[in-house]
Amino acid sequence: LGRIGVRVMRFIGRGFSDYQDILLADDCDRDATLKLLADFIRTHMHKLDRLELTKLQEGSHLWEHHDRLLPQDIKRCTSTVETYDQSRYFPTEPDFDAYLMSLSKPTRKNYRRYWDRLNKAHQIELRTLRSSEQTDDLFNDLVRLHQQRQAERGQRGMFRSPQRIKVFTDLLDEGAIRLHVMRIDGHVYNLELVFYHNHIATAYNGGMDHVPEVAKHSPGFIAMMKIIEEAHEDKQITKFDLGLGNEDYKRHIARHTQSLHRLSCTRSGIRSFIDITHTRLLAWAHQNDFVQRIYFSIHGKHTPNGPS
């Protein structure tokens, strides 16, 4: 990582391989999987500066057995476990009406008002796609809108190569994710990828167009609420997770929170020292409004991955 060549071991697919608890799924031999992971870490740790296991949900299988993953007896290696963030979720029982009643009165009022106004002013089409054969050019639209939105934020986006795109089309065909599409007046306006795993629906990522005359009706909020309504109707789903990120809208539509943990094992050395100092400075900058304002005044955007 970076110019000093810090050598870090992480899970492939950070943000869902760890957060979704996929590595220790209900249908796998957990003891054997844990042993394989622990042996791999122990074998390669001497070549690394840091082992980093992040975004582990409290209560997940990976979190409950994390002590079996962190190497305890490697020289010059310090292990740490910390709570660094939280995510929001809610149960999907008993039904969508009960869920709406659990929200604040202003949130319920806004949802109904925006939905009524959007319906009266435009023709709305909502679809859920479960295979790549159904998507036609919609996945290209998802890539375009997502990358466009991320570029406006000064970030690279997750669809940076054909290989990454293929991962998600394969997951779509395997039933691990669904693509939710909102068309407004025949125009593709909002697309959302949602994971469906272990009876949990997890909002992952997406893309949205911006048309001022439509944006005033909060179509992104409406699209998410319609996805939530569909999850309530799916009897296989018992929990809806709003995923990673601390966007403001999430606290309005999900009252429950769960802690996220970071596990790391750092070997002493100059590269590790520089890396840790750099990480702490970035974390401080992301939380400091004064630094954010200075950066924005210079670059016209917020610091990468910083608060909006």
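Biologist: With which residue does Arg262 form a salt bridge, and how far apart are the closest N and O atoms?

Modeller: Arg262 forms a salt bridge with Glu82, and the closest N and O atoms are 3.0 Å apart. Arg262 belongs to strand β9 (residues 256-267) and Glu82 to strand β3 (residues 77-91), so this pair ties together parts that lie 180 residues apart in sequence. The term salt bridge denotes a side-chain nitrogen of Lys or Arg within 4 Å of a carboxyl oxygen of Asp or Glu. Strands (E, at least two residues) and helices (H or I, at least four) are DSSP runs, numbered from the N terminus. The model is predicted, with local features requiring pLDDT of at least 70 and side-chain atom pairs counted only at pLDDT 80 or more, while totals for chains, interfaces and linings use all residues. Residues are numbered from 1 along each chain as its sequence is written, and side-chain values use heavy atoms, leaving out hydrogens and water.

Biologist: What is the relative accessible area of Arg262?

Modeller: Arg262 has a value of 24% and is partly exposed. Buried means under 20% relative accessible area, exposed means over 50%, and partly exposed lies in between (1.4 Å probe, protein chains only).

Biologist: How many salt bridges does a search of the whole structure find?

Modeller: The search finds 13. Among them, Asp248 and Arg251 meet through their side chains at 2.7 Å, N to O. Asp248 is partly exposed at 47% relative accessibility, and Arg251 is partly exposed at 45%. Elsewhere, Arg10, Arg50 and Glu52 are linked in a network of salt bridges.

Biologist: How many of the 15 residues of α9 are buried?

Modeller: Eleven of the 15 are buried, so α9 is largely enclosed by the rest of the structure. The buried residues include Phe221, Met224, Ile228 and His232. As for length, the expected span of a helix is 1.5 Å times one less than its number of residues. For α9 (residues 219-233) this gives 21 Å, which agrees with the 21 Å between its end C-alpha atoms.

Biologist: Which residues of α7 are buried?

Modeller: In α7, Phe168, Thr169, Leu171 and Leu172 are buried. Seen down the helix axis, they fall within an arc of 160°, so they line one face of α7. The arc is taken from the directions from the helix axis to the C-beta atoms. Pro162 and Gln163, on the other side of α7, are exposed.

Biologist: In which sense do β6 and β7 pair?

Modeller: Strands β6 (residues 187-197) and β7 (residues 200-208) are antiparallel, with eight bridges. Phe195 has Thr202 of β7 as its bridge partner, and His197 has Ile200. Two residues separate the strands in this hairpin, where Asn198 takes a positive phi near 55°. By contrast, β7 runs parallel to strand β8 (residues 239-241), joined by three bridges. There, Ala201 stands opposite Phe240 in β8.

Biologist: Which residues make the nonpolar surface patch?

Modeller: Ile270, Phe273 and Ile274 make a patch of about 330 Å². Ile270, found in helix α11 (residues 270-287), counts as exposed at 63% relative accessibility. Patches consist of residues with over 30% relative accessible area and no salt bridge, with like charges joined within 9 Å and nonpolar side chains (Val, Leu, Ile, Met, Phe, Trp, Tyr) within 5 Å. Accessible areas come from the Shrake-Rupley method with a 1.4 Å probe, and for residues only the protein chains shown count as cover.

Conventions: Two strands pair if DSSP finds at least two bridges between them.
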